[in-house]
Amino acid sequence: MYDILIIGAGVIGTGIARELSKYNLKVAVLEKDTDVANETTKANSAIVHGGYDAKEGSLMAKLNVLGNSLYEDLCNELSVPFKRNGSLVLAFNDEEVEHLKVLYNRGIINKVPGLSIIDAKKLKEIEPNIDEKAIAALHCSSAGIVSPWELAEALIDNAVENGVDLFLNTEVKNIEKIDDTFYVTTNSGIFHGKHIFNCAGVFADIIHNMIAPKAYTILPRKGEYFVLDKNQGKRVNQTVFQCPSKLGKGILVTPTVHGNLLVGPDAQDINDRYDVSTATDRLDYIKFKGSHSIKDINFRENIRTFAGIRAESDRGDFIVEESSVKGFYDIAGIKSPGLSAAPAIALAALDLLKENGINLNKKEDFKSPRKHTLFMHLSSEEKAKKIEEDNRFGRIICRCEMITEGEIVEAIHRPVKATTMDAVKRRCRPGSGRCQGGFCGPRVQEIIARELNEDIKDVILDKANSYILIEELKK
């Protein structure tokens, strides 16, 4: 019997799990995929928004601004890349300048720090590659960029170190409540819990409807992106937006925390919650709109395109509440700025428990997060010492990103083991560079097989049954 069951292991579910792991509670996380952070969390803009865009008085605004303020300390504690690079919303005509004023005033009401409206001259000084047609911009110095999947992985690692149970490849099929106990039927058996947090992203309404009358609908919205090589990463210093529309914040151009350039997303309302395909016409649209903000982006330096699905709800705001079934909590409709709000949403989840009279007693032996080795960020002396301790740190496996065998082995043996090619990639980046694993992929596969003592043919790319090797060819 668990005190808390969490359904979904994206950045929201893992964030709540980590907060709960600070208390004397028995907690389990149920995730249908082969790894955490494998849906919306791994496929978004990776932006920590300032909070000026969310409607005044909304839960979205409150949690965005609070979440933003928590990011620096959280990422430092978890060894997760984060940078306050600032953001700009561009205006190309007088009508858009008026909209900047609306956003500015909204930001002031929302208590967003570091807001100002700057003219074309100042804009050109801080971002020389901005299109000359831009006449003004809303500048937000408190906005930032982060690695969302690395954040989720670090959160769940620390949660597991502190007693949380994680069950991967565990899909929820049905939920019943008998007396004061929830019975959650999965493909891996039945789990019993006193409380449930529904953090199932684009599937949250489906999970909700298993136990409670319909209360909201999730409307999947797909967005496509370009990832450009690091030689394009310095085209901008800050995250650059165009004036938002009813479909979202528009096409952005931003550096990533790892030095690439990200351009996207578009916005397409879809019916298929699994559809992460990309299409030439949509990517052409993103090219056109992105070039409208930043001149001379060389899209021939593209190294990857991808799509992610956002959990748009028919309520228009975050849903963080107890449902009509006592003890079942919906954390749903967490679209942008959901990543920005994630640390605050985790705290709001604790408040829901407190409101229900749950006594939260802090652990005296909470374990601090493990530090991850980022070999290329070490000094020459630190590198030499690390290699002396473990010579695997002296072998470069991924030449694009300069990732060592030691880092890959560390990633495989974290509290939540990396058992797939993409799981290793998300934790320490082999295969994230220009060649996209063309050279290092086979070596990484060999290391996973060796470290997990399994047949190399059983090492999959990512999703279940995504086999890379099938059989050995005759010589």
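Buried means under 20% relative accessible area. Keep that cut-off in mind while you tour this predicted model.

**Stop 1: Thr41**

Select Thr41. You are in the loop between β2 (27-30) and β3 (47-48). Is Thr41 buried or exposed? Its relative accessible area is 10%, so Thr41 is buried. Now show what surrounds Thr41. Leaving aside residues up to four places away in sequence, Thr41 touches Gly10, Val11, Pro148, Trp149 and Ala152.

**Stop 2: Thr34**

Go next to Thr34. This residue also has its place in the loop between β2 and β3. Thr34 has a relative accessible area of 10%, and therefore counts as buried. Which backbone oxygen does the side chain of Thr34 reach? Draw a distance to Asp462: the side chain of Thr34 reaches the backbone oxygen there at 2.7 Å. Then display the contacts. With residues up to four places away in sequence not counted, Thr34 touches Leu168, Asn169, Thr420, Ile460, Asp462, Lys463 and Ala464.

**Stop 3: the cysteines**

Select the cysteines. How many disulfides does a search of the whole structure find? The search finds zero. Start with Cys243. The closest cysteine sulfur to its own is in Cys140, 15 Å away, so the two are too far apart for a bond. Cys243 has 17% relative accessibility, which means that Cys243 counts as buried.

Move on to Cys400. A disulfide needs the two sulfur atoms within 2.5 Å. Cys400 has a relative accessible area of 35%, so Cys400 is partly exposed.

**Stop 4: the second largest pocket**

Now look for open space. Rolling a probe the size of a water molecule over the atoms shows where empty space is left. The second largest pocket holds about 1200 Å³ of space. To find its centre, select Lys42, Ala43, Arg304, Phe306 and Arg426, which lie nearest to it among the 47 lining residues.

Next, colour the elements around the second largest pocket. Those that give two or more residues to its lining are α5 (148-161), β18 (302-313) and α11 (421-428). Which element gives the most to the lining? Select β18: with seven residues, this strand gives the most.

Finish by colouring the lining by class. The lining of the second largest pocket has 18 nonpolar residues, 17 polar ones and 12 charged ones.

Terms used
Residues are numbered from 1 along each chain as its sequence is written. This is a predicted model: local features need pLDDT of at least 70, side-chain atom pairs count only at pLDDT 80 or more; totals for chains, interfaces and linings use all residues. Side-chain values use heavy atoms; hydrogens and water are left out. Helices (H or I, at least four residues) and strands (E, at least two) are DSSP runs, numbered from the N terminus. Buried means under 20% relative accessible area, exposed over 50%, partly exposed in between (1.4 Å probe, protein chains only). Contact means heavy atoms within 4.5 Å. A polar contact is a pair of N or O atoms within 3.5 Å; within protein, one must be able to donate a hydrogen and the other to accept it, and residues adjacent in sequence count only if both atoms are side-chain atoms. On a 1 Å grid over the protein atoms alone, a cavity is a set of points where a 1.4 Å probe fits but cannot get out, and a pocket is an open set with protein on both sides within 12 Å along at least five of seven lines; lining residues have an atom within 4 Å of a point. Grid points are joined across faces, edges and corners, and a volume is the space filled by probe spheres set on the points. Ala, Val, Leu, Ile, Met, Phe, Trp, Tyr, Cys and Pro count as nonpolar, Asp, Glu, Lys and Arg as charged, and the others, Gly among them, as polar.
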